[in-house]
Structures are given as structure tokens and as C-alpha cells.
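Dear colleague,

Please read the notes with the structure open beside them.

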Amino acid sequence: MLAYIDSSLRPCTMASASVDNKWQKDAADQNFDYMFKLLIIGNSSVGKTSFLFRYADDSFTSAFVSTVGIDFKVKTVFRQDKRVKLQIWDTAGQERYRTITTAYYRGAMGFILMYDVTNEESFSSVQDWCTQIKTYSWDNAQVILVGNKCDMEDERVISTERGKQLADQLGLEFFETSAKENINVKQTFERLVDIICDKMSETIDTDQSLRPTPTITPTEPGKSPADSNCAC
């Protein structure tokens, strides 16, 4: 089985006991080909929790409850003929939680970096969030920029063009989404998973191309050395 698990990372002490129990139960479930740890990050109130609930549970509530520390949900999908378990972490956007949430960047294979199209400050903070990703995550982490709340056209202050320009400047793919209207939520996650899978395939192909051609020993005709398992 080819899988990725960051088993060394435990929920922090400020996270609830229920999160800790969920994490332990989830880590023990081995019924998957890959396990991807994804993080949703961005300023407070951009819609990260609603975005996650829409994707994981297909539910939405207009009531705003600020995330305290960090929490996660699990969703299993099939991509490229593989069973992929997604462990999706919902992070608090407030500055006072920053030291907690950045501790979870380690081992993350993908990030959804979110701003609110009705909030200029959240858009201006995107560059700072990118810097944090570069500082605290691994080099091959994949990132998609998301402009959320695109259903709120009357209150929009960030145009689609500005979002695309920033994404191009940062070298990121870009989606505008709405958790409320379920616009591009599933598509964003699917694209992020596909990018990660493609990057893994490139890594595996590169590793194999660098290996010497296996030799066949005369005493064991037809038998070649077994390929080592990928530790992606």
C-alpha cells in the first residue's frame, strides 16, 4: 500500500479532546491508497469552515462561529483509480492562534489559501499567508488560491481579474467559490488532489529513471530485484 501519513503530528493542547480522539481513530484506519493532509488557511471570517462543511458534509449555515485553534474533517475520494483519504484541517485565522496553526503546516501536501472577495484586507493578506507556507511547510506542498463568497456580487470589492492576476503573480491556480451556493467547492478540492497526485507521479518516475537497470542473476532466472516502496 502506498500512503502518506504524518503520524508524528498530534493535535495541540489547545485543541479539544474530541479532535484528539478523532485524529487517533482516523490515523488507525488504513483503508486507502493515499492519505493527503490538506489545510485551509486565510484570514478570519473568509469562510474556511463553511467551505469545509460544504465539501465534507454538503451543508451550510449562515451563522458565524469563529474556529478556536484547529479542527479537521475526513473525506475519502477516488482520483486516478486510487482511493484517497483527505484529512482536511480547518485553521483559525486570528493572529493569536498563528503559532498553533503554523505547527500543522508540517507534512501538509496541499493548501487552500482563501480570501473573501468582499474584504480587501483578506486579499491584501494573501502574500503574508504565502510566506508562512514557504516558511513552515515542505517545498513540494501544492497551493490553490481561492476567492470565496463570489455569490455576494453587490458587496464585492475584489474583482475576478485582480484575483487571477495575484494568482499568476504567485504561480498558483485560482478559483472563485461560494460555500453558500456550492460554487466550485468540489472542483477546488478535486483540482488540488489531482495536482498532488501528478506531482507524486512525477517524483516516482524521476526516482525510477535514476535507478540502475536491474540485473538477473544466473541462479534465479527471470527474477529481478524488487522495487523499493515509495515513501511519498
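In helix α2 (residues 48–57), the buried residues are Lys 48, Phe 51, Leu 52, Arg 54, Tyr 55 and Ala 56, where buried means under 20% relative accessible area, exposed means over 50%, and partly exposed covers what lies in between, with a 1.4 Å probe and protein chains only. Helices (H or I, at least four residues) and strands (E, at least two) are DSSP runs, numbered from the N terminus.

Before going further, please keep in mind that this is a predicted model, in which local features need pLDDT of at least 70 and side-chain atom pairs count only at pLDDT 80 or more, while totals for chains, interfaces and linings use all residues. Residues are numbered from 1 along each chain as its sequence is written, and side-chain values use heavy atoms, with hydrogens and water left out.

Just after α2, Asp 58 takes a positive phi of about 50°. Rings of Phe, Tyr and Trp (its six-membered ring) pair if their centres lie within 6.5 Å, and planes under 30 degrees apart count as stacked, over 60 as edge-to-face and the rest as tilted.

Tyr 55 has a charged neighbour as well: Lys 75 lies over the face of Tyr 55, at 5.2 Å from the ring centre, a charge being counted over a ring if NZ of Lys or CZ of Arg is within 6 Å of the ring centre and within 35 degrees of the ring normal. Lys 75 has its place in strand β2 (residues 70–79) and, with a relative accessibility of 26%, counts as partly exposed. From C-alpha to C-alpha, Lys 75 and Tyr 55 are 8.7 Å apart in space, and they are 20 residues apart in sequence. A further lysine, Lys 73, lies over the face of Phe 53, at 4.5 Å from the ring centre.

By the rule for rings given above, the count comes to eight aromatic pairs. In one of them, the rings of Tyr 105 and Tyr 136 have their centres 6.2 Å apart and their planes at 85°, so the pair is edge-to-face. This pair links distant parts of the chain, with Tyr 105 in the loop between α3 (98–102) and β4 (110–116) and Tyr 136 in helix α5 (residues 126–136), 31 residues apart. Tyr 105 is buried, with a relative accessible area of 0%, whereas Tyr 136 is partly exposed at 43%.

Turning to the strands, seven of the seven residues of β4 are buried, so β4 is largely enclosed by the rest of the structure. Both of its faces are covered, with Gly 110, Ile 112, Met 114 and Asp 116 buried on one side and Phe 111, Leu 113 and Tyr 115 on the other. Strands β4 and β5 (residues 142–148) pair in the parallel sense over seven bridges, and the bridge partner of Leu 113 in β5 is Leu 145; two strands pair if DSSP finds at least two bridges between them. Strands β1 and β4 also pair in the parallel sense, over five bridges, and here Ile 41 stands opposite Leu 113.

Strand β1 (residues 34–42) pairs with β3 as well, in the parallel sense and over seven bridges, with Lys 85 in β3 as the bridge partner of Met 35. Eight of the 10 residues of β3 (residues 82–91) are buried, so β3 too is largely enclosed by the rest of the structure.

In the loop between β6 (173–176) and α7 (185–209) lies Asn 182, which has a positive phi near 55° although it is not a glycine and is partly exposed at 39% relative accessible area. Asn 184 is found in the loop between β6 and α7, and its phi is also positive, at about 65°.

Taken as a whole, the protein chain has seven helices and six strands, and 44% of its 232 residues count as buried.

With best wishes
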